[in-house]
Amino acid sequence: MATIRLHKTFGEAHAEINALAQINHQADGSTLYVTLEPCTHQGKTPPCTQAIIDAGVKKVVIATLDPNPIINGKGVAMLEYVGIIVKIGLLKDESRNINRSFIKRMETGLPFVTCKIAMSIDGKTSMASGQSKWITSKEARHDVQKLRAKNQAILTGSGTVLADNPSMTVRLGNINNTPLRVVIDGKNQITDTTLKLFSNNEVGS
């Protein structure tokens, strides 16, 4: 039986637990494939390694080790200690790409930043007169919404807020995600609390 489950939300069950729950945690003799080494510690959720052991999994195929120093290698060691076969490295590059934000934070202490710039072929971001509201297509603007939904925060400068009055929200009917809105305002220029930035209404840019 094949089952695929994802880690949906921070603080909720990890993918391994969601997959095991689908088969009532009865996985005797099965092989489990995971993109990231199962955790071993009690955090917001219980350790996945113990759940894997309790379910009777025979073999675990791990794409990449967890770079978190609390876990790194310990999940593998715990599984092997009880006789579970562990293989590491299948689709490693693809796994690191899927988990790139988490991996960068763990390995460097820095956040993974995505830069979105809309500009014309000659390198301009708007008309000199300032009349242009958008210089991109409807499809491109939809892609921006999907990009926002994949991030935890949306950041801009106070100049953009004052010039464009953006909402800085995710406006996709099938995605429920509200990234933190962050504004760099070194001169304390933003004093108007009626700006869209301070509203939860899904309008604007």
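The structure is a predicted model, in which local features need pLDDT of at least 70 and side-chain atom pairs count only at pLDDT 80 or more, while totals for chains, interfaces and linings use all residues. Residues are numbered from 1 along each chain as its sequence is written, and side-chain values use heavy atoms, with hydrogens and water left out. The protein chain holds 7 helices and 5 strands; helices (H or I, at least four residues) and strands (E, at least two) are DSSP runs numbered from the N terminus.

**Overall architecture**

- Along the sequence, the elements of the protein chain follow the pattern α-β-α-β-α-β-α-α-α-β-α-β.
- Of the 205 residues in the protein chain, 27% are buried; buried means under 20% relative accessible area, exposed over 50%, and partly exposed in between, with a 1.4 Å probe and protein chains only.
- Contacts between residues at least 6 apart in sequence join residues at least 24 apart in 67% of cases, a contact being heavy atoms within 4.5 Å.
- The protein chain exposes about 13800 Å², of which carbon and sulfur atoms supply 53%; accessible areas come from the Shrake-Rupley method with a 1.4 Å probe, and for residues only the protein chains shown count as cover.

**Nonpolar cores**

- The largest nonpolar core has 15 residues, of which Leu 20, Ile 52, Val 57 and Val 60 touch the most other members. A nonpolar core is a set of buried Ala, Val, Leu, Ile, Met, Phe, Trp, Tyr and Cys residues joined through side-chain atoms within 4.5 Å.
- Strand 1 (31-36), helix 2 (48-55), strand 2 (59-64) and helix 3 (74-81) each give two or more residues to this core, and helix 2 gives the most, with 3 residues.
- Apart from this core lies another, of 6 residues, among them Val 161, Ile 190, Leu 195 and Leu 197.
- Not counting residues up to four places away in sequence, Val 60 touches Leu 32, Val 34, Ile 52, Leu 79, Ile 84, Ile 85, Val 86 and Lys 87.

**Ile 62 in strand 2**

- Ile 62 belongs to strand 2 and is buried, with a relative accessible area of 0%.
- Its C-alpha atom is separated by 6.1 Å from that of Tyr 33, which is 29 residues apart from Ile 62 along the chain.
- Leaving aside neighbours within four places in sequence, the contacts of Ile 62 include Val 34, Leu 36, Val 76, Val 86, Ile 88 and Leu 90.

**Helix 1**

- Glu 16, Ala 19 and Leu 20 are buried in helix 1 (residues 15-22).
- Seen down the axis of helix 1, these buried residues fall within an arc of 95 degrees, so they line one face of the helix. The arc is that of the directions from the helix axis to the C-beta atoms.
- Strand 1 and helix 2 are included in what covers the buried residues of helix 1.

**Salt bridges**

- The structure holds 2 salt bridges, each defined as a side-chain nitrogen of Lys or Arg within 4 Å of a carboxyl oxygen of Asp or Glu.
- Arg 96 pairs with Glu 107, the closest N and O atoms being 3.1 Å apart. Because Arg 96 lies in helix 4 and Glu 107 in helix 5, the pair ties together parts that are 11 residues apart in sequence.
- Arg 96 is partly exposed, at a relative accessible area of 29%, and Glu 107 is partly exposed, at 47%.
- Lys 146 pairs with Asp 143, the closest N and O atoms being 3.4 Å apart. The two residues are 3 residues apart in helix 6 (residues 138-149), and are thus separated by about one helical turn.
- Lys 146 is partly exposed, with a relative accessible area of 37%, as is Asp 143, with 43%.

**Surface patch and loops**

- Tyr 33, Leu 90 and Leu 91 form a nonpolar surface patch, with about 350 Å² of accessible area together. Patches are made of residues with over 30% relative accessible area and no salt bridge; like charges are joined within 9 Å, and nonpolar side chains (Val, Leu, Ile, Met, Phe, Trp, Tyr) within 5 Å.
- Leu 91 sits in the loop between strand 3 (85-88) and helix 4 and is exposed, with a relative accessible area of 52%.
- Asn 99 is found in the loop between helix 4 (92-98) and helix 5 (100-108) and is buried, with a relative accessible area of 17%.
- Beyond its neighbours within four places in sequence, Asn 99 is in contact with Thr 35 and Leu 36.
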